[in-house]
Amino acid sequence: MSLVPLLIPPSLIPLADGEPGNRVLTISLFSAVVAVTLYITWWASRQNKTAADYYAGGRSFSGAQNGLAVAGDYMSAASFLGISGSIALYGYDGFLYSIGFLVAWLVALLLVAELLRNSGRFTMADQLAFRMKQKPVRTAAATSTIVVSIFYLLAQMVGAGSLVGLLLGVKSEGVKAGVIILVGALMIVYVTIGGMKGTTWVQIVKAVLLMTGTVLITFLVMLKFDFNISKLLGAAAANSGKGEAFLQPGLLYGKDLVGQIDFLSLGLALVLGTAGLPHILIRFYTVPDSRSARRSVQWAIGLIGAFYLMTLALGFGAAALLNTAKGSPVETSKGNVASPLLAESVGGGAGSVGGSILLALIAAVAFATILAVVAGLTLTSASSFAHDLYANVIAKTKPSEKSELRVARFAAIGIGAVAIALAIPAQKLNIAFLVALAFAVAASANLPSLLFNLFWKRFNTSGAVWSIYGGLISAVVLVAFSPVVSGKPTSMITGADFAWFPLSNPGIVSIPLGFLFGVLGTYLGKDRSSEARYTELSVRALTGAGAEGVTKH
Amino acid sequence: MRERDARAYEAVHDAADFTELKRRYKNFVVPWTIAFMAWYLAYVACNNWARDFMKTQVIGNINVALVFGLLQFVSTFVIAAIYGRFANRKLDPLAAGLNAKYKRERRR
């Protein structure tokens with residue numbers, strides 16, 4: 001079947017052979033995404049007056065709006081293209097990432113979202129600094145916020161370079177670098193001009209586009225298989241050339257005991273990392289109260305869950321309908337082009353008008369996804385730099401709100417520039433592990449201190465500092481000496497071997513270490529002054545008494 | 001100002017309703033967190049160490065592994081809904097009352 005409306009002007013009919021789809025159409029849709037998001041940013045900028053507007057969107061988003069934005073922040077190109085691609089290549093095992101990513105939201109819902117909303121203001125550090133010594137705690141929390149965000153950002157930006165290259169059918173390194181610079185420049189514009197309000201609306205638009213695009217392709221795939229899941233799975237298994245094994249565990253993870261422990265370690269980091277990701281945590285400050293924070297997470301769970309269920313149809317659909325053999329575009333792109341090529345195939349195939357339109361549409365959705373996620377990450381790091389480091393550590397006297405916001409905007413430019421400068425050379429390296437590492441650091445450094453601070457009266461400044469640095473350093477050091485960095489042909493650095501830690505995922509060691517360091521630091525620090533304000537923190541966290549409200553203009 | 005805030009927080013903290021709010025919250029989140037973590041880790045462990053069980057066919061090409069994975073989705077949706085209902089009914093009214101008490105205490 002084909003989706004050919006006869007109204008399509010002939011200029012949109014695909015031209016070049018060997019090129020994926022129609023480049024003119026793809027570029028037009030990309031430009032439309034950029035135009036819409038820039039308009040939103042400009043519109044939001046006129047409403048940004050106070051610090052609460054810039055950092056927290058005036059705390060005036062509804063639960064449903066913020067739920068869409070949370071989903072938009074969370075569903076990166078890595079999950080949109082990566083998970084469906086991984087299913088297309090490895091079948092059932094490709095699906096496992098998404099389960100950890102989803103279950104993780106229960107940790108955020110039950111233990112973190114509402115309490116954080118009530119007890120914090122703008123950044124993750126606010127909640128710790130509530131009852132501890134400002135300087136050491138804010139420095140530690142800002143360090144880990146910026147490290148996690150930069151890891152995540154690099155993975156997204158390098159992905160953007162190669163992805164846009166693939167979608168536009170260009171191979172030149174110069175064009176990829178150009179794309180990275182363009183993406184970086186756009187995210188700086190969104191964040192400096194639009195602040196949290198602009199960024200949140202960009203996330204909402206992106207989430208709607210992503211869900212719509214995914215529903216459409218899922219529907220077309222299921223239509224081909226008469227809405228029969230078993231038939232889809234059977235066709236996928238047969239076409240993959242791997243037969244039954246394609247639908248069973250074991251093609252990607254857990255080939256031997258080390259691999260099995262590694263998979264368990266990954267599972268732990270995924271399920272515990274989400275509730276410690278700074279760019280997710282600061283989303284809870286954009287709503288008026290804890291009830292709306294709860295609604296946001298419920299919306300996010302519904303949207304993200306529905307989305308990951310649809311990636312099953314996309315992934316197995318790609319396995320059933322596309323060529324995924326060695327040397328095919330799907331295989332050489334590590335699965336990243338599976339969804340776009342699937343869209344082309346269900347739209348009528350390569351060269352058809354319907355196929356080109358759907359391919360361009362999905363490519364534009366992927367592009368919007370990348371832009372939104374990098375903007376969220378840049379805002380998080382810039383806020384933490386200005387609000388935690390500049391206002392409370394670097395500046396000798398408390399700066400005015402105006403100068404703090406000026407620093408936040410400069411910090412966004414600085415962080416954007418650093419991300420661009422790191423992403424361009426990183427293109428040649430295999431840095432796919434950075435997303436998993438960001439989750440591992442979030443689970444090892446941020447989650448222990450957040451939970452201890454909320455639930456353990458005795459927890460103190462040195463406990464927080466030890467647990468953040470301890471978790472952060474152990475996760476990063478273990479990965480630096482693991483096979484993902486050296487010692488294997490697929491490592492980031494080839495031709496050297498200093499890997500003594502056998503697992504690619506540090507979580508199983510670094511998460512317990514993060515908690516242990518928190519306990520050790522607390523008792524060795526001996527300081528008990530933080531207990532005095534625990535009464536206040538626990539009352540505020542549970543009841544919302546004295547929590548920051550909506551800004552009024 | 002700060003002192004008045006601190007006194008108001010103390011007063012809320014000492015209220016019987018606050019002890020009850022804390023008790024209800026803990027009695028909900030502790031068992032449910034243990035339950036969903038155990039259920040998730042059981043799934044991860046079965047992928048590693050119970051592959052023959054996971055390979056068992058259920059209907060057509062759908063095997064236990066896929067059903068177990070889909071059940072993780074179901075349990076996440078259900079627990080999120082149960083918690084929302086519980087928090088709306090059992091936590092929010094107490095929290096609202098205590099919040100009002102805090103505002104009264106601050107004005108004293």
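Reader: Which residues have the most contacts inside the largest nonpolar core?

Author: Good place to start! This is a predicted model, and its largest nonpolar core has 233 residues, with A:Ile304 and A:Leu342 having the most contacts inside it. Helix 15 of chain A (residues 353-394) provides the largest share of this core, 27 residues.

Reader: What does A:Ile304 touch?

Author: Leaving out residues up to four places away in sequence, A:Ile304 touches A:Ala71, A:Tyr74, A:Met75, A:Leu102 and A:Trp105.

Reader: How do I read the packing of helix 4 of chain A and helix 15 of chain A?

Author: Look at the crossing angle of the axes. Angles from 65 to 115 degrees count as roughly perpendicular, and those over 145 as roughly antiparallel. Here the axes come within 8 Å and cross at roughly 135°, so helix 4 of chain A and helix 15 of chain A are oblique to each other. Helix 4 (residues 77-90) brings A:Ala77, A:Phe80 and A:Leu81 to the contact, while helix 15 brings A:Ala366, A:Thr369 and A:Ile370. By class, that makes 5 nonpolar, 1 polar and no charged residues.

Reader: And the contact between the chains: how many residues does each chain give?

Author: The general idea first: the size of an interface is often given as the accessible area lost when the parts come together. Here we can count residues instead: 40 from chain A and 44 from chain B. On the side of chain A that touches chain B, helices 5, 9, 10, 12 and 20 of chain A each supply at least two residues. Helix 5 of chain A gives the most, with 9 residues.

Reader: What classes of residue make up that side of chain A?

Author: The side of chain A that touches chain B has 24 nonpolar, 13 polar and 3 charged residues.

Notes
Residues are numbered from 1 along each chain as its sequence is written. Chains are lettered from A and ligands numbered from 1 in the order in which they are written. This is a predicted model: local features need pLDDT of at least 70, side-chain atom pairs count only at pLDDT 80 or more; totals for chains, interfaces and linings use all residues. Two residues are in contact if their C-beta atoms, placed from the backbone, lie within 7 Å. Helices (H or I, at least four residues) and strands (E, at least two) are DSSP runs, numbered from the N terminus. Ala, Val, Leu, Ile, Met, Phe, Trp, Tyr, Cys and Pro count as nonpolar, Asp, Glu, Lys and Arg as charged, and the others, Gly among them, as polar. A nonpolar core is a set of buried Ala, Val, Leu, Ile, Met, Phe, Trp, Tyr and Cys residues joined through C-beta atoms within 7 Å. A residue is buried if 20 or more other C-beta atoms lie within 10 Å of its own, exposed if 12 or fewer, and partly exposed in between; C-beta atoms are placed from the backbone. Axes are lines fitted to C-alpha atoms, for helices over the stretch in contact, and angles run from 0 to 180 degrees between N-to-C directions. Angles under 35 degrees count as roughly parallel, over 145 as roughly antiparallel, 65 to 115 as roughly perpendicular and the rest as oblique.
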